[in-house]
Amino acid sequence: MERRFTQAATGARGAEAALPGPCVHDAQWAGERRSAIAVAFLLFTALFTLDAGLGSLDVTRGVLWTGLAGLLFVVLLPPRVSVRPGLLSARGLLMTNTVRTDSLASVRWSDGVAQRMILRDTEGSQVEIDPTVLVRNPPMWHLLDTDSRSSLRHGTLLHGATALHQLAQRIDRETAHTIFKVSGLQ
């Protein structure tokens with residue numbers, strides 16, 4: 001099914017996207033999902049227990065607390081990011097966004113409280129991801145870096161080489177820090 005989706009999502013060039021190669025997923029996504037579930041459940045339990053203890057719990061308030069906990073879960077659940085040669089996908093609760101990483105047109109940082117990287121390909125598709133996903137998953141970064149260099153060579157990546165360079169420097173710093181920490185040189 002994933003191959004069929006990939007072809008449908010990438011249009012006429014879908015056959016190229018289905019090339020064999022490793023598909024790398026975010027290794028920590030499952031833990032983040034569990035944390036989102038736990039926080040939503042704790043909020044629901046606290047509100048439900050407080051209301052029941054005060055004697056003001058009824059069906060309407062129970063539904064309200066359930067909806068509030070569900071909304072918190074939706075807000076906290078991060079998209080599941082996966083990278084394969086030529087494609088980067090971010091799958092949320094309702095939809096999946098995919099870009100062709102071998103034909104990137106722009107890469108930029110978004111402004112706001114949480115830093116996001118926005119990747120857009122030449123076909124107009126766009127994906128917004130948290131750059132820490134790439135920092136903590138070196139195989140994902142390697143695939144994206146290889147494809148972005150291909151985009152630079154082909155001349156499709158017109159805006160964003162600086163953003164990718166900044167991310168590469170951040171990943172190099174994190175890797176060096178981890179190596180020093182593990183070796184006891186810190």
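The following legends describe close-up views of a predicted model.

Local features are reported only at pLDDT of at least 70 and side-chain atom pairs only at pLDDT 80 or more, whereas totals for chains, interfaces and linings use all residues. Residues are numbered from 1 along each chain as its sequence is written, and side-chain values use heavy atoms, with hydrogens and water left out.

**Figure 1. Overview of the chain, with its seven helices and seven strands.** Helices (H or I, at least four residues) and strands (E, at least two) are DSSP runs, numbered from the N terminus. Along the sequence, these elements follow the pattern α-α-β-α-α-β-β-β-β-β-β-α-α-α. Of the 186 residues in the chain, 34% are buried. Here, buried means under 20% relative accessible area, exposed means over 50%, and partly exposed lies in between (1.4 Å probe, protein chains only). Contact means heavy atoms within 4.5 Å. Among contacts between residues at least 6 apart in sequence, 56% join residues at least 24 apart.

**Figure 2. The largest nonpolar core, which has 25 residues.** A nonpolar core is a set of buried Ala, Val, Leu, Ile, Met, Phe, Trp, Tyr and Cys residues joined through side-chain atoms within 4.5 Å. The members that touch the most other members are Leu88, Val107, Leu119, Ile129 and Trp141. At least two core residues come from each of strand 2 (80-84), strand 3 (87-91), strand 5 (104-110), strand 6 (116-121), strand 7 (126-129), helix 5 (131-135), helix 6 (138-154) and helix 7 (161-183). Helix 7 provides the largest share, five residues. Apart from neighbours within four places in sequence, Trp141 is in contact with Leu134, Leu164, Leu167, Ala168 and Ile171.

**Figure 3. The packing of helix 3 (residues 29-54) and helix 4 (residues 59-76).** The two axes come within 9 Å and cross at roughly 160°. Axes are lines fitted to C-alpha atoms, for helices over the stretch in contact, and angles run from 0 to 180 degrees between N-to-C directions. Helix 3 is therefore roughly antiparallel to helix 4. Angles under 35 degrees count as roughly parallel, over 145 as roughly antiparallel, 65 to 115 as roughly perpendicular and the rest as oblique. The crossing of helix 3 and helix 4 is right-handed. A crossing has this hand if the near helix is turned clockwise from the far one by less than a right angle, and is left-handed if anticlockwise. Residues of helix 3 including Ile37, Leu43 and Phe44 meet residues of helix 4 including Trp65, Leu72 and Phe73. The residues of this contact comprise 14 nonpolar, two polar and three charged. Ala, Val, Leu, Ile, Met, Phe, Trp, Tyr, Cys and Pro count as nonpolar, Asp, Glu, Lys and Arg as charged, and the others, Gly among them, as polar.

**Figure 4. The packing of helix 6 and helix 7.** Their axes lie 12 Å apart, at an angle of about 150°, so the two helices are roughly antiparallel to each other. Helix 6 passes helix 7 in a left-handed crossing. Trp141, Ser148 and Leu152 in helix 6 meet Ala161, Leu164, Leu167, Ala168 and Ile171 in helix 7. Seven of these contact residues are nonpolar, one is polar and none is charged.

**Figure 5. Trp109 and Ser110 in strand 5.** Trp109 is partly exposed, at 22% relative accessibility, whereas Ser110 is buried, at 15%. Leaving aside residues up to four places away in sequence, Ser110 touches Arg116 and Ile118. With its neighbours within four places likewise set aside, Trp109 is in contact with Gln115, Arg116, Met117, Pro131, Ala163, Gln166 and Leu167. The C-alpha atoms of Trp109 and Glu128 are separated by 9.3 Å.
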